Amino acid sequence: MTSTLCLPRAPAKRAGRTERQHQDDGEGKAGLTLQICFQDDLSSQIRSQPATILVDVQLQKTAAEEHGASLQELRQLVETLRWDIVGTLTQKLQSPMAASLIGTGKLNELSELVKAPSMAESVVFDHELTPTQVRNIREATGVEVYDRPAIILEIFHRHARTKEAQLQVELARLKYLAPRERVSGAKERRGGGRGARGVSESFHEIERRKVRDRTSELQRELKAVHREQVERRRHREGLPKVAIVGYTNAGKSSLMRALTLSDVLVADRLFATLDTTVRALHPETQPRILVSDTVGFIRNLPHDLVASFRSTLDEALDASLLLHAVDAADPAFRSHIQVTKEVLEDIGTGKLPFLVILNKIDIVDSSLKALLEKEFPEAIAMSALNPEDIEALHSRLVTFFLDTMTEVELVVPYGKEGVLADIRKNVHVLSESYEEKGVCLKIKASPGTLTALKRRLA
Ligand code: GDP
Ligand code: MG
């Protein structure tokens with residue numbers, strides 16, 4: 001059963017605009033629909049390429065370079081949704097306006113702009129908007145209003161594949177979009193006539209209760225999924241782990257693919273990967289080294305989204321080494337490094353050892369490459385697409401873990417065959433002999449592995 005919190009505003013098919021068709025791959029859905037359930041996404045039935053207008057607000061406090069990079073990124077985000085950007089409206093402001101972010105004059109201009117000939121169905125702001133601002137802008141322009149978090153949420157919604165990612169995205173969407181939908185919904189329903197206000201208020205209450213119920217249901221389901229994950233992770237406990245982190249589109253999945261010969265999705269679009277995958281380093285090492293690919297970061301990632309992806313990022317928290325992938329060919333890569341560091345700090349991985357990978361060096365010109373090597377002497381300048389570079393990185397990872405390992409003796413009492421099997425599979429065993437008290441093993445292991453083993457043997 002699907003209960004829709006607020007009916008989607010399907011974009012009207014307007015005459016005069018050529019609509020390009022594209023593959024039926026779940027992209028290009030128009031109208032951000034907030035649904036309480038995931039099934040039967042009504043918006044997925046719409047396959048046009050909706051026209052949209054970007055609203056570029058340049059605040060005085062933001063440096064021009066940062067502003068430009070952010071706007072360029074917003075374009076990419078919107079293009080990831082396969083929306084057609086038919087115009088841009090710019091306003092320079094000292095500080096944002098409380099009512100509608102942009103000034104009244106600009107808002108009127110925007111209302112004109114969405115009409116013919118652009119026939120836009122939505123407007124997109126790079127800045128986060130309050131529920132009231134969304135309502136005011138929607139009322140003035142008559143079209144859908146999105147801010148950067150709403151766009152990111154929509155991309156996440158479309159790219160979520162696993163049960164966990166879907167639950168997390170739905171939860172984040174409920175938290176972020178429900179207040180915005182509710183404010184506008186209530187106002188629209190109010191209309192005229194005495195008593196209308198009371199009706200809208202009870203409607204409001206019903207919506208609020210629905211959101212609350214669905215939120216608890218989602219939280220319960222997520223808890224169950226997490227329990228399974230903790231169980232799965234327990235089997236990998238103590239194994240050396242590397243997590244690939246970094247800005248979206250930096251080449252994390254390409255690195256993952258090359259390092260593990262796995263078939264994770266590589267795509268030149270933002271947030272192609274939402275689910276963490278864990279695979280063993282290839283060619284396999286003894287002990288096996290696990291590599292995980294994580295969700296990418298981006299500036300102004302909605303806080304709720306960071307929080308909901310925490311468990312996905314737990315893989316990163318669990319790692320002994322982070323590979324911080326950077327797209328060295330992107331002019332904005334320094335700010336990407338900064339954002340990634342901030343998010344890592346935020347989720348508590350700031351103290352983990354890390355290696356910076358200056359990826360895509362194959363498309364960086366040689367003079368810039370020389371400068372980068374000087375600026376980042378510790379970083380590895382490489383290309384995920386170059387097998388020799390991957391081989392060198394493989395060796396570097398093996399050395400990193402070997403350096404942290406020491407030789408120790410361990411007795412596994414009889415009856416703990418499960419632990420013994422895991423040791424044989426996952427730990428570097430130098431010798432083993434059968435004694436009266438159990439199996440005596442000489443192993444080479446890292447402190448983390450030893451602690452985990454001792455805990456299981458206690
Ligand atoms: P992710 O979002 O960080 O997982 O990035 P992906 O691995 O999906 O890669 C994003 C895009 O960059 C894809 O089109 C890749 O083919 C491309 N890419 C990744 N690594 C390299 C590289 O070393 N050199 C070049 N030229 N392109 C790369
Ligand atoms: Mg990826």
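Biologist: Which residue's side chain meets that of E170 in a salt bridge?

Modeller: This is a predicted model, where local features need pLDDT of at least 70, side-chain atom pairs count only at pLDDT 80 or more, and totals for chains, interfaces and linings use all residues. Residues are numbered from 1 along each chain, and side-chain values use heavy atoms, without hydrogens or water. A salt bridge has a side-chain nitrogen of Lys or Arg within 4 Å of a carboxyl oxygen of Asp or Glu. At 2.9 Å, N to O, the partner of E170 is R214.

Biologist: Is E170 buried or exposed?

Modeller: Buried means under 20% relative accessible area, exposed means over 50%, and partly exposed lies in between (1.4 Å probe, protein chains only). The relative accessible area of E170 is 2%, so E170 is buried.

Biologist: How far apart are the closest N and O atoms of E375 and R334?

Modeller: E375 is partly exposed, because its relative accessible area is 41%. R334 is partly exposed too, since its value is 42%. They form a salt bridge, with the closest N and O atoms apart by 2.6 Å.

Biologist: Which residues does S335 touch, not counting residues up to four places away in sequence?

Modeller: S335 is buried, because its relative accessible area is 19%. Touching, or contact, means heavy atoms within 4.5 Å. Leaving out residues up to four places away in sequence, S335 touches E66 and R299.

Key
Chains are lettered from A and ligands numbered from 1 in the order in which they are written.
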